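Subject: Structure handover and findings

Hello,

My notes on what turned up in it follow below.

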Amino acid sequence: MKRNNEVEIKVHIKKTGQKVVVLHAPKNKKLIDLLRENDIKIDSPCSGSGTCGKCRVRFEGSGVRITNADMRHISKEDLSRGYRLACMCMLTSDAEIYIDEFCEDEMEVLGNSLSINQKADKNKKYGIGIDIGTTTLAVCLVELPHEDRIIGVKTGVNHQRSYGTDVISRIKASKEKGARLKEIIQTDLVNLILELLEETQCSISQISSMAIAGNTTMLHLLRGYDCESLGVYPYTPFSIGLESLKVGDVFPFLKKDNINNIPVTILPGFTAFVGADILSGLYAERPWKKKKGFLFLDLGTNGEMAAGCGDKLYVTSTAAGPVFEGNGISFGVPGIPGAISEAYFRDGKLKLSTIGNKPPVGICGTGVLEIVSALIREGIIDNTGLLKKVYFEKGYPICKAEDGSDIVITQNDIRQVQMAKAAVNVGLDMIFEKLKQKTSEDSTYKAADLSERISGAADSKPYVIISGGFGANLSFDRIKELKMFPEEIIDSGDNVYIAGNTSLKGCAKYLCVEELYGTKIARDTLSIILKNAEEIELSQDDAFSDKYYEAMNF
C-alpha cells in the first residue's frame, strides 16, 4: 500500500524470466539505492558516482530528467527511448522501468587448481580456509593435518561489488552503508560454507577450525571496523593484527549451536594496502626456500607485491586501477560467459575467444590486454599509445555484440591499459632495485655471489610467483608488446610460477601446521614473515613519477 510522499516503482527484470517487482520509496530517493536495498543486482563499478555508465535502465514513458552523466554515457537515440543511469535517477513520481539484472553469479572465479570436490571421510576432521577478495570469494575444505588434501573448494562472487568494484569505492560506501556491507559479506561466506559442506557431505561436527585471509579493506568490512582512515593518508588501518575468534563472533546469525564455538583465526596483514592475503600467499609458497631472489605479485586493482632474498623482504602496492578486473573501459565486463578473453591477429584479421565460447558481451581484463597488444603489433596503436587517426574518435571496432551493436576499443581504454601496465612495471622495477641495493649493502653477502643470490644465476632471472585469478589466464607471449614487466624480471615467462589462489592455500596450510605442530609454531612463522618485512612507499619516492610516465610508452 503506497503511503503519502511515496512513489511506486514497477521494476521489470529481464534476466529472471521477465519478473516484475513493485517497490515503494520516499520521493527523491536514488533509484540505485532502492535497487540495492531490495537485492536487485545492477552493475555499478564506480559505486554510483556516474563515471562508469554501466547502470543503465530504461524508463517507460517520458518526463524523466536527463543529467549530465546520462548525456556523457548514453547516446541521444537511447536517451529519447528512456534510457538513464540508475545512479543519477532521483525518484520524484511513480515509474515503470526495465532492467537487465546483472548476473554476478555467472562470473568466472578461480578456486584452487589442485583441488577437486570429493566426499569427506566421516572418521576424519577438517578445517575451512576462507579467502575474501574484492571481487571473488573462495572457501576450501582441507583434511587435517594434510595441506595437500583439499577435499573441496567453493567459489563465488563478493556481492559487495554492487557498491563499487574497487577498495576505494567500498571504503567510501562504508561511511553510510558499513552495516549493510558487513551483512552482505557474512551472508555470502555462510552460504558458501554451507554449500561446500553439503557438496562434500562433511558434517559440521567434523570441522575443528577455520582461517580467514583477505585484503585489509575486506577484512575491515567483515569485522565492521571503521574504514575511513584506510582512504586518507597516511592510510592507517583500524587493525591488521592476528585475531583469535569463534565462528559465532564472525557469523553471529549462523543459528547452529554446534558451529558457533569453532575457533577462527583471521590472519594478520602487512599494511593498509598489502594485506593478509599476501602474507597468506607467502606463508603458503615459502619462496625463500629457493635460496635465490624472488618476487611475489598479485595482479588486481591494487597491485600488491613482495621481493625477497634470504631473510630480507620488501612489500609494496601500486594503484594499477580497475582494468585487470574488466572495469574502467568502455565495453569492459567481468569474467562472465561471453566476455572476450583472448585476441590475436591471423592473416590480417583479429581472432577472438570468449569465456564459455558464448556470443560476445564485452571485454574482460585479459581480453583488453591482449587486444591492445595485438593492435600495437599490427601498427594500429603506436608506441605512445595513440590509435591511428581513422579510429581516434570512435575507437577500433573489435566485433559485433549479439544485439548487433559494436564492441570497440577507444583511445581512453588504451590510456587505462597504459596506466595499469606502467604502475605494475615501475612497482616491480623499484622494489627489485631496492632489494638488490639493500642486499649489496649487507656485509653478510659476498659480492661475488650477489648476482647469483638475487637472480638465481648470472644468466637467469628471479623466481617470480604470480598469484590470483587474473594471473592464471595470462599469456606472456600475447601481451609482450605492452612491456608490462621489466625484461630484467620477466621476459618469456620461463621463470614465472602461476600459483593460483595462494591466499586460500595459505589458510589451508596454516590450519594444517596448527593441527600438526600447535598454534604457537603456526603463528611464529607468520610473525617472522611480518618482522622481516619492510614497506616501500612508492608514492613517496621522487623517482616514481618519472619512471611511471616513461613506462606509459609501449
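Helix α13, residues 469–472, gives the most to the lining of the second largest pocket, with 3 residues. This is a predicted model, so please read everything below with that in mind. The second largest pocket holds about 1,000 Å³ of space. Its lining has 46 residues. Thr136, Glu325, Gly468, Gly469 and Phe470 lie nearest the centre of the pocket. By class, the lining splits into 17 nonpolar, 22 polar and 7 charged residues.

A general point first: rolling a probe the size of a water molecule over the atoms shows where empty space is left. How many cavities of 30 Å³ or more does the structure hold? The count is 1. The volume of the largest cavity is about 110 Å³. It is lined by 14 residues, and the closest to its centre are Leu219, Ser239, Ile240, Ile266 and Leu267. Helix α5, residues 216–223, supplies the largest share of that lining, with 4 residues. The lining of the largest cavity has 7 nonpolar, 5 polar and 2 charged residues.

Now the overall fold. The protein chain has 16 helices and 24 strands. Its C-alpha trace spans about 75 × 65 × 45 Å along the principal axes. The chain has 554 residues, and a compact globule of that length would have a radius of gyration near 24 Å. The protein chain has 24 Å, so it agrees with the globule value. Of the 554 residues, 55% count as buried. Take the contacts with a separation of 6 or more: 67% of them join residues 24 or more positions apart.

In soluble globular proteins, nonpolar side chains tend to be buried together. Here the largest nonpolar core has 77 residues, and Ile130 and Ile132 touch the most other members. Helix α4 provides the largest share of this core, 12 residues. A second, separate core has 63 residues, including Ile381, Ile398, Ile536 and Leu538.

What does Ile130 touch, not counting residues up to four places away in sequence? The list is Ala138, Val139, Leu189, Ile193, Met210, Ala211, Ile212, Ala213, Phe251, Leu504 and Cys507.

Is Leu196 buried or exposed? Its relative accessible area is 0%, so Leu196 is buried. Beyond its neighbours within four places in sequence, Leu196 is in contact with Val139, Cys140, Leu141, Gly152, Val153 and Lys154. Take Gly152 from that set. Leu196 and Gly152 are 44 residues apart along the chain, yet their C-alpha atoms are separated by 7.0 Å.

Ser169 is also found in helix α4. Its relative accessible area is 9%, and the cut-off for buried is under 20%, so Ser169 counts as buried. Leaving out residues up to four places away in sequence, Ser169 touches Pro45, Cys46, Ser47, Tyr163 and Gly164.

Arg286 follows α8, with a positive phi near 45 degrees.

Last, the start of the chain. Asn5 lies in the segment before β1, which covers 6–13. Is Asn5 buried or exposed? Exposed means over 50%, and Asn5 has 54% relative accessibility, so Asn5 counts as exposed. Leaving aside its neighbours within four places in sequence, Asn5 is in contact with Ala25, Pro26 and Lys27. Asn5 and Thr265 are 260 residues apart in sequence. In space, the C-alpha atoms of Asn5 and Thr265 are 48 Å apart.

Best regards

Notes
Residues numbered from 1 in each chain as written. Predicted model: local features only at pLDDT ≥ 70, side-chain atom pairs only at ≥ 80, totals over all residues. Heavy atoms only, no water. 1 Å grid on protein atoms, 1.4 Å probe; cavity = no way out; pocket = protein on both sides within 12 Å on 5 of 7 lines; lining within 4 Å. Points joined across faces, edges and corners; volume = space filled by probe spheres on them. Helix = DSSP H or I, 4+ residues; strand = E, 2+ residues; numbered from the N terminus. Nonpolar A, V, L, I, M, F, W, Y, C, P; charged D, E, K, R; others polar. Buried < 20%, exposed > 50% of the residue type's maximum accessible area, 1.4 Å probe, protein only. Contact = heavy atoms within 4.5 Å. Core = buried A, V, L, I, M, F, W, Y, C linked by side-chain atoms within 4.5 Å. Rg over C-alpha atoms; globule rule 2.2 N^0.38 Å.
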